[in-house]
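I opened my notebook to look up a few things in this structure. Here is what I am reading from.

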Amino acid sequence: MKRLILLAAALVISAAPAFASDRNSICIRQDDIWNWSALNDNAFKFLVTLLCMHWIVDPNLASRYVSIASGIFVAPFILFSTHAGYVADRYSKRSVIIASKIAEVLVALLSIAALHMRSLPFLFAVLFLMGLHSTFFSPAKYGMLPEILEEKDLSNGNGIINLST
């Protein structure tokens, strides 16, 4: 159990936002922002999947919970992607990204509590929140490229972001 809490703590540390002190710039530190976000989401989903198989003795029931966990992680993308696109268009993409990264840290902190309590329903709720944060982060991430890159560099920038996430 201590190893799981240490893993969750590592997720919190890696989710800490890395933004420039210049308020007028959109700071892109791809190593800190893009890579860790995708890694955190997938690592946490994988962790919940493993815990489902470990904590539930009946293999048939465990496989159902694994499927439920996958569905819970994907549900925010299906339910809220149009809203996330609207938010990314309506508000500053920089602000949306900062809010998403702050939300990611808070969700990672909640994951520590869920792991400590050994509660699958709480872990599922945190998994949903992790997917929700990613749903709002993605449109802002991709939508900011035309704002910060010249048209000739847009394809290359898009490729780099897709490669890194």
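Which residues make a nonpolar surface patch of about 310 Å²? I found F46, L50 and M53. I noted that patch residues have over 30% relative accessible area and no salt bridge, with nonpolar side chains (Val, Leu, Ile, Met, Phe, Trp, Tyr) joined within 5 Å and like charges within 9 Å.

A note on my source: this is a predicted model, where local features need pLDDT of at least 70 and side-chain atom pairs pLDDT 80 or more, while totals for chains, interfaces and linings use all residues. Residues are numbered from 1 along each chain, and side-chain values use heavy atoms, without hydrogens and water.

Next I looked up L50, which sits in helix α2 (residues 34-55); helices are DSSP runs (H or I) of at least four residues, numbered from the N terminus. L50 is partly exposed because its relative accessibility is 37%; under 20% would be buried and over 50% exposed (1.4 Å probe, protein chains only).

Then I searched for salt bridges (a Lys or Arg side-chain nitrogen within 4 Å of an Asp or Glu carboxyl oxygen). How many does the whole structure hold? I got 3.

- K93 and E147 meet at 3.1 Å, N to O. They link distant parts of the chain, 54 residues apart: K93 in helix α4 (residues 93-117), E147 in helix α6 (residues 145-148).
- E104 pairs with K101 at 2.4 Å. They are about one helical turn apart, because 3 residues separate them in α4. E104 is buried at 1%, and K101 is buried at 3%.
- D153 pairs with K152 at 3.6 Å. D153 is partly exposed at 30%, whereas K152 is exposed at 65%.

Terms used
Areas by Shrake-Rupley, 256 points an atom, 1.4 Å probe, with all protein chains shown as cover. Helix = DSSP H or I, 4+ residues; strand = E, 2+ residues; numbered from the N terminus.
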